[in-house]
Amino acid sequence: MGIMSRRTRRPRPTSPTPASCPCGLPAAYADCCGRLHRGQTRATTAEQLMRSRYSAFAVGDEAYLLRTWHPTTRPPGAGLDPAPRWVRLEILGTTEGSAFHTTGTVEFRAHYTQGGRAGSLHENSRFVRHEGNWVYLDGVTAD
C-alpha cells in the first residue's frame, strides 16, 4: 500500500478484544499482536507476522490483514466470515523468515468452531519482504 496523504481512522475490530492473545503466545493481546494491529510495531519474523494475521482473523481486523498482504496477491477485501470462532493456532514448522531473510514459510494449523462443530485449516504460507516489511504472499492448504 502506498503512503496516504492524510490521516484516516482505522476501522475497529468487529469482535471483542480478547485479554490473552489469540496467537497462542503467553501475553496479553494488547501487548502482543495488538501492538502490530495498532501499527505500534512491525513483525520482525515471518512467524510473528503469521501469528499476528491469525489474531487479526480472530478479532476481525480486516484492515490489518489487507495491510500485511503482498500487493500482487492481495484481494480487494479479506472477506472475513463472522461464523467461525478461531480458538487455537499451532505452528507446525518454519523455514527461513528471520530478521536476516527475505523469504520464509510458516506451516500452521488454525483451529476453529463453527455451528457447534470443531474444524481446522492447515496451510503452508509463504511470506516475503516488501518495502522492508514482512507480508503474506500466498499459501497452500493441506488436508
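Author: A charge is said to sit over a ring when NZ of Lys or CZ of Arg lies within 6 Å of the ring centre and within 35 degrees of the ring normal. The model discussed here is predicted: local features need pLDDT of at least 70, side-chain atom pairs count only at pLDDT 80 or more, and totals for chains, interfaces and linings use all residues. Residues are numbered from 1 along each chain as its sequence is written, and side-chain values use heavy atoms, with hydrogens and water left out.

Reader: What makes Arg53 a residue that lies over the face of Trp69?

Author: Arg53 is 5.0 Å from the ring centre of Trp69, a value that falls within the 6 Å limit. Arg53 is also one of the buried residues of helix α2.

Reader: Why is α2 described as mostly covered?

Author: Buried means under 20% relative accessible area, exposed means over 50%, and partly exposed lies in between (1.4 Å probe, protein chains only). In α2, 10 of the 14 residues are buried, among them Leu49, Met50, Tyr54 and Val59. Its buried residues pack against α1 (33-37), α3 (62-67) and the strands β1 (85-96), β2 (103-114), β3 (117-130) and β4 (133-142); a contact here means heavy atoms within 4.5 Å.

Reader: Which elements does the protein contain, and what rule makes them helices or strands?

Author: There are 3 helices and 4 strands, in the order α-α-α-β-β-β-β from the N terminus. They are DSSP runs numbered from the N terminus, with helices being H or I over at least four residues and strands being E over at least two.

Reader: What is the span of α2, and what is expected of it?

Author: The expected span is 1.5 Å times one less than the number of residues. For the 14 residues of α2 (46-59), the span from first to last C-alpha is 20 Å, close to the expected 20 Å. After α2 comes Gly60, with a positive phi near 80°.

Reader: What makes Phe127 and Tyr136 an aromatic pair, and of which kind?

Author: Rings of Phe, Tyr and Trp (its six-membered ring) pair if their centres lie within 6.5 Å; planes under 30 degrees apart count as stacked, over 60 as edge-to-face and the rest as tilted. The centres of Phe127 and Tyr136 are 5.8 Å apart and their planes 70° apart, so the pair is edge-to-face. Both Phe127 and Tyr136 are buried. The count comes to 5 aromatic pairs, and ring pairs link Tyr54, Phe57, Trp86 and Tyr112 into a cluster.
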